[in-house]
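Let us walk through part of a protein model, one piece at a time. Keep the picture open as you read.

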Amino acid sequence: MDKPYCACATPPGVSGIAVIRMAGDGSAAVADKVFRIVRAAGDAKTVAEMAGYTLAYGTFIDPSDETVIDEVMLTRFCAPHSYTGEESVEISCHGGLTVRQEILRVLLENGARMAGPGEFTKRAFMAGKLDLSQAEAVMDVIAADSELALRAAESQLSGSLKEQVENISAVLYLQLSLFEMFLDEIEEEDDNETKIHYAEELENSVYKRLSELTDSYKQGRILSERMKIVICGIPNSGKSSLLNCLSGYDRAIVTDVPGTTRDTLEVITSIRGIPVKLIDTAGIRKTDDVVEAIGVDRANAAIGEADIVLWLVSTDEEEKTITDLIDPIMTLPKETKIALLISKSDTSDEETVKKQEEKVMALICQKGYSRVPDLCGSLSSATGEGLSKIEEFIRNAYDEMGATSSVGLLVTNRRHFEVLSSALEKVGKSIAALRRGDPLEGPALLIRAALEDVGEITGKSVSDTLVDTIFSRFCVGK
Amino acid sequence: MGSWEQLKENPSWYEAGTFDVAVIGAGHAGCEAAFACAHLGLSTVLFTLHLDQLANLPCNPSIGGTAKGQLVREIDALGGVMGEMADLSAIQTRMLNRSKGPAVFSPRAQMDRASYSRKMKARIEKEENISLVQAEIVELFWDEDKNINGVRTRSGACYHVKAAVICSGTYMEARTIRGEVILESGPDGLSRSVGLSKSMADAGIRMQRFKTGTPVRVNRRTVDLSVMEVQPGEPDMPPFSYSNEMKGITPPKEQIPCYSVWTTPETRQVITENMDRSPLYSGVIEGTGPRYCPSIEDKFMRFPDKSRHQIFVEPMGEETEELYLQGFSTSLPEDVQVQMVHSLPGLSNAHIQRAAYAIEYDCIDPTTADLSLESTCLKGLFTAGQINGSSGYEEAAAQGLMAGINAAMKVLGKEPVILDRSQAYIGVLIDDLVTKGTKEPYRMMTSRAEYRIFLRQDNADMRLTEIGHTIGLISDERYSAFEEKRKAIEDEKQRLRSTFLPPSEKLHEILKRCGSTPTQSGISLADLIKRPELHYADLSEIDEGRPELMPSVIFAVEVDIKYEGYLALEEDRIRKFAALETKKLSPDIPYEKIEGLRLEARSKLAERKPMSLGQASRISGVSPADIAVLLVYLEARKREEREERKEKNDG
């Protein structure tokens, strides 16, 4: 049986509330895994018990660790009285991107699948929920430009992704045809040496490229999920205060004792509508304290994965400790944005700030780095002065990332990611089977199935899923 | 033309009888078609040009092989005769592809050619509902609505029929070619069929011309077999036929071996020096030959970096000294053939009994037939075998069986039986031919089957015997034996899954012996069998509750368990495939008027009238966008009809 499918029905971007729609047989069953009713019409205890067109208030949880993701309202629809004519639920949650992404992730992990482009509309149409005139309109669209419709699948893709996927597809075809030729050649028998050779070919050509593509989604995901912002600096440079300022509440314990923050601390919040994960690190310094040393290691690890590093230097910080941090920060990948902030006490003036900035820049230069951090001026955690400049910086960094279509950000669409992951998994299994010396027909099946997967992106395989391509003109979830 | 009206004008013509179905041609396709019709209770007349060459094996003296063995098993599972008859005339049996995995395991048997033909003739003659006639059919008759209603022999005998199955093999307008020597002849010097092809063209059927070939036969007495590599048979193979298996009929214990040799540099030289005399390269041959069964000169020309090719030397029967040289077919002149044969190791003094030749013949463009193998140009006319552009005995028999069944269904007023690509190689074969068409003789290959892991020779009965029983070709007795087997497989799988073995010294020892890792905790028998290095048989001493089972049951159980993951993936793919396949297209859809379709798609669809959206999607020239348009059109039409019905009811 097909899984229920889900998608966000409200437009992307930050809004007050967002609606996530899930439809298909089994929707209520999936909802019951992740939704705990607090109060519902007719005193229903589960979504399955709820009557159609009724509402429940409750918590949306991740059942793997029982963490609460959001407080939501859930509307129940029973077949055939729903948009698509199928059983479905609509979840109204808070409007942050993070929340939406989390809810979708949890639904996917609990038995739903991502809706295809225009799938809700297509299903609605198929279920007779759209009238004849609408049906004719759909046909007119197709009639107007069949050539375009032919390329509908392709139009979803940026040129370079399409090229990459087509290349992979071509290599897979070649490999499959080798397998097939061998399987149909009567007098040749299996030998393991050839299989290991095939495995290497697949590994070097297809598997690596597929992994690069799926990995690139992990980057592309930042755009739709959240940015990692790491706050770092020597102990007692005011990192925890900054975290509290940015997140708007006292999350970190702030004291004057250096080394108070011993572990990394994470806060999920939103800055100017951008979903972010703020990470406060233990102050980085050489230490003999075992617990603090672990904290320092974690801080270094967190910095390594950051999208943005906010580097705090206090007005009175000495050259030595500043120098200690230059190497770990300036050797970060060039995609990582680095902001230098001078944290000042209420007494220090602009002059001091300027001087300290110059000192840091000079030290970086001395160590031979041509790269420079972005200067974000000074910050006073006590008054909040300078905070807006930091927020501005984060916003700009976010926009900039969205605009780059570098090789690293090829796959940004969840559906493409899922299809490519599925192909990757099959190619991986095929390689493992070849290395094990399994009969060739198994690896051949896996490569064929992987080709069918990538065919859903290139639009080249003729299957039921391709019918979906014309409906991709409609917004997902509408 | 083509009507009963002509009877009055031709005094030598006469009405010779009335039958439900006429089967024209008694080769592998024709015999299956005739048996299918007869077994379904229809009066059947079977015409052959040569009564003594029935079910002839004019090329390879073997049945089965890669993908072909699967076809034979499927034919048998549906209630056809090829497998049963092949078991009775086998002189050597082998399972090909043993190292490549169970889905490509392919049974093959060397045939005693004369015996196969003789036994088939005897069986046909004993069949109540078949009238066997030696005659050449030269004309078809049809009524005003283009329904076939008669056939005429060269001598003027006219038969009333409700349906006909033409299985003309390589006989229609055939000519054989050896270098410069061209003869108007069928295979093996037998007379050809003249006129029938024209009658079909008159009915509007598009014809094409294909070419194939056969190698020389030599006398064993003049051959030194001692220098050749011996290929012994495998006497413990299961028979082709499931019913023979149940009856305990097995391949012969004493098997006649085959041999193989490699071509020498001299062979290559002889061929290269004489290429100017090859009709293929001089343009004498007009027909299109098969890429998958090329002549030896073709192989040397097309693969210049391969310095040598393997040739198999196969016996033609127990009562003959004739040997067949597989892989050595040629259309070079006879004098060159002698040099070629003499260049082979052990054959330097070989005496050639029959020379090799290429043969050209008329066949139809199979896209003019539908999935039931009925012509879209002439209703009630079915075609099967090489006339549809295929090559091979097994491909022919498979089509013959389906054409026979569907001719019978037509006469009985029942729905046709159509197997799809996920059910059988037969489904793949027929769908490929009628949907995609073919520009060369089509040979079955396992890679043509998308769902190969599911379409195995061992489970052909599990896939098809129920269908065969429903059609009426599988007896109740055989069906209940099949059900028992099916249950035995399920029970044994269940038992293996639910039997857990604790870790023990004995188990440890077995695992060690088989090169498998020891287990610390309890493990089910099924999980043990899943390990690639362990087999069902390895566990016999530790599996105390093991029942006595047929080898075929054990085989099926083992494959099902070992391939669980692959089979699940296959099922998933089949489900996706079925989604379009189950959306039926009625033949009255006015494709020409559907605006959204591209022009090419409109004309292709209008001509072919595909039976399902799935079939439509496989027609070349029909794009995914066209399929989407059709999907929308179908939905709109369905609603219009509903509205109309509602209005009628309201009115």
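Two strands count as paired if DSSP finds at least two bridges between them. Keep that rule in mind for every strand pair below. One more point before the tour: this is a predicted model.

Begin with β16 in chain B. This strand covers residues 310-315. Strand β17 of chain B takes up residues 322-326. Four bridges link β16(B) and β17(B), and the pairing is antiparallel. How do β16(B) and β17(B) connect? A hairpin of six residues joins β16(B) to β17(B).

β16(B) also pairs with β15 of chain B, residues 258-262. Again the sense is antiparallel, and again there are four bridges. Here B:Y259 faces B:V313 of β16(B). Is β16(B) mostly covered or mostly open? It is mostly covered, with five of its six residues buried. A residue is called buried if 20 or more other C-beta atoms lie within 10 Å of its own.

Now move to an open sheet in chain B. It has three strands, in the order β3-β5-β4, and their pairing is antiparallel. Which strands stand at the edges? They are β3 (62-64) and β4 (90-96) of chain B. Each has a single partner strand, so one side of each has no neighbour in the sheet. On average, neighbouring strands of this sheet are turned by 20° against each other, direction ignored.

Take one pair from this sheet. β3(B) meets β5(B), residues 106-111, over three bridges in the antiparallel sense. Find B:I63; opposite it in β5(B) is B:A109.

α3 spans residues 68-78, and α12 spans residues 393-412. They pack at an angle of about 25°, and their axes are 9 Å apart. Angles under 35 degrees count as roughly parallel. The helices α3(B) and α12(B) are therefore roughly parallel to each other. Their crossing is left-handed.

Which residues make the contact? From α3(B) come B:K68, B:L71, B:V72, B:E74, B:I75 and B:L78. From α12(B) come B:E394, B:E395, B:A397, B:A398 and B:L401. Sorted by kind, the residues of this contact are seven nonpolar, no polar and four charged.

How values were computed:
Residues are numbered from 1 along each chain as its sequence is written. Chains are lettered from A and ligands numbered from 1 in the order in which they are written. This is a predicted model: local features need pLDDT of at least 70, side-chain atom pairs count only at pLDDT 80 or more; totals for chains, interfaces and linings use all residues. Helices (H or I, at least four residues) and strands (E, at least two) are DSSP runs, numbered from the N terminus. Axes are lines fitted to C-alpha atoms, for helices over the stretch in contact, and angles run from 0 to 180 degrees between N-to-C directions. A residue is buried if 20 or more other C-beta atoms lie within 10 Å of its own, exposed if 12 or fewer, and partly exposed in between; C-beta atoms are placed from the backbone. Angles under 35 degrees count as roughly parallel, over 145 as roughly antiparallel, 65 to 115 as roughly perpendicular and the rest as oblique. A crossing is left-handed if the near helix is turned anticlockwise from the far one by less than a right angle, and right-handed if clockwise. Two residues are in contact if their C-beta atoms, placed from the backbone, lie within 7 Å. Ala, Val, Leu, Ile, Met, Phe, Trp, Tyr, Cys and Pro count as nonpolar, Asp, Glu, Lys and Arg as charged, and the others, Gly among them, as polar.
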